[in-house]
Amino acid sequence: MKTGFFKGLSRCAAVGAGIGALTLSLASQAATDIRFTLDWRFEGPSAPFLLARDKGYFQEEGLNVTIDSGNGSAGAVTRLASNSYDMGIADYSALTETVATNPGTAVTAIYMLYNSTPATVFALSKSGINTPADLKGKTLGAPVFDSGRKAWPAFAQSNGLEVDSVSWQSVEPALRETLLARGQLDGITGFYFTSLLNLEARGVDPKDIVAMKYPDHGVEFYGNAIIARDDFLKANPEAVRGFLRAFNRAVQETLADPEAAVAFVKKQDPLVDEALELRRLKLAFDTYVDTEETRANGLGSVDEERLSRAFEGMVSAYGLTASPELANLFDNSFLPAAEARNVD
């Protein structure tokens with residue numbers, strides 16, 4: 001009797017294990033795969049994406065998310081348009097320009113992470129440059145795809161400068177801060193939280209760095225947004241909503257505890273300087289995520305009137321032809337509930 005009893009238990013355990021394995025298998029099969037591309041390397045600002053993945057927030061939403069590094073915003077948009085990725089993050093201006101020049105792109109922004117563009121003109125005060133007016137006749141350096149370089153016409157127009165009042169030198173991203181530090185360029189354009197830290201790393205005294213942020217000088221453009229292919233949005237609306245819920249949750253945690261969040265970047269790439277990436281993360285989130293507008297309207301959202309003005313500015317700056325398609329590249333219908341997006 002005793003032996004038979006335990007044999008019965010063994011059979012039950014085996015059946016239970018089989019059912020459990022089947023359940024896990026079915027759950028795994030039911031998970032929606034999402035191929036996600038960043039716009040740049042694994043650095044401090046990528047923390048919330050990695051946090052949401054590694055803490056299982058995507059998995060809780062029934063998602064299997066893979067995250068790859070990128071090589072620029074335009075590249076991220078192209079990756080989606082070519083069906084290599086389903087979702088990603090890219091500069092909203094780059095999305096607008098790409099769709100304008102490639103009408104079949106079929107990619108839409110669905111969560112505005114950076115409430116304003118991080119594009120910034122950098123110069124050194126010892127060169128006599130302290131205001132936009134001082135840039136007249138100077139030479140600026142940047143890659144041809146740099147957001148600040150592309151948006152220069154908007155910066156110039158907002159500050160009483162002729163668009164052709166500066167000359168441009170095309171340089172590799174890794175060289176621009178070095179050339180400025182050596183005095184081989186009068187100024188550069190770059191993301192605030194990237195070029196500032198790169199200049200300091202090259203021995204430039206922070207007191208000598210002049211940073212003219214585009215938003216502080218009249219440019220109302222929005223910054224980086226989560227984007228998705230239109231066909232993916234149509235086929236997987238609940239998966240996209242789940243992704244944004246998980247990501248928004250991670251953004252809230254990153255704002256509350258950036259030190260803990262940046263550890264996920266270090267986990268992804270053990271070679272990164274964790275202290276440096278923490279500072280980069282704080283610069284990005286304190287300046288472009290936790291803003292007055294975000295506190296009023298919530299994470300991920302936009303102000304419709306400002307977005308309309310920004311659109312007009314982009315059309316003018318990039319020499320685009322306005323169209324309903326371009327004017328409606330942001331869709332807020334996938335955003336998490338308003339209370340989840342409140343910033344304390």
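Modeller: A salt bridge is taken here as a side-chain nitrogen of Lys or Arg within 4 Å of a carboxyl oxygen of Asp or Glu. This is a predicted model, in which local features need pLDDT of at least 70 and side-chain atom pairs count only at pLDDT 80 or more, while totals for chains, interfaces and linings use all residues. Residues are numbered from 1 along each chain as its sequence is written, and side-chain values use heavy atoms, with hydrogens and water left out.

Biologist: How many salt bridges does the count come to by this rule?

Modeller: The rule asks for a Lys or Arg side-chain nitrogen within 4 Å of an Asp or Glu carboxyl oxygen. Applied to this model, it gives a count of 20 salt bridges.

Biologist: How many residues apart in sequence are the parts that R279 and E200 tie together?

Modeller: The side chains of R279 and E200 meet in a salt bridge with an N to O distance of 2.6 Å. R279 belongs to helix α13 (residues 274-288) and E200 to helix α9 (residues 192-201), so the pair links parts that are 79 residues apart in sequence. Helices are DSSP runs (H or I, at least four residues) and strands likewise (E, at least two), numbered from the N terminus.

Biologist: In which helix does R309, the partner of E220, lie?

Modeller: E220 and R309 form a salt bridge whose closest N and O atoms are 2.7 Å apart. E220 sits in the loop between β9 (209-213) and β10, so its pairing with R309 ties together parts 89 residues apart in sequence; the helix of R309 is α15 (residues 304-318).

Biologist: Is R229 buried or exposed?

Modeller: R229 forms a salt bridge with D231, the closest N and O atoms being 2.9 Å apart, and R35, D86, R229 and D231 are linked in a network of salt bridges. Buried means under 20% relative accessible area, exposed over 50%, and partly exposed in between (1.4 Å probe, protein chains only). D231, at 46%, is partly exposed. With a relative accessible area of 9%, R229 is buried.

Biologist: Which residue in β10 is the bridge partner of M87?

Modeller: Strands pair if DSSP finds at least two bridges between them. Strand β1 (residues 32-37) runs parallel to β3 with 2 bridges, whereas β3 and strand β10 (residues 224-229) are antiparallel over 5 bridges. In β10, the partner of M87 is A228.
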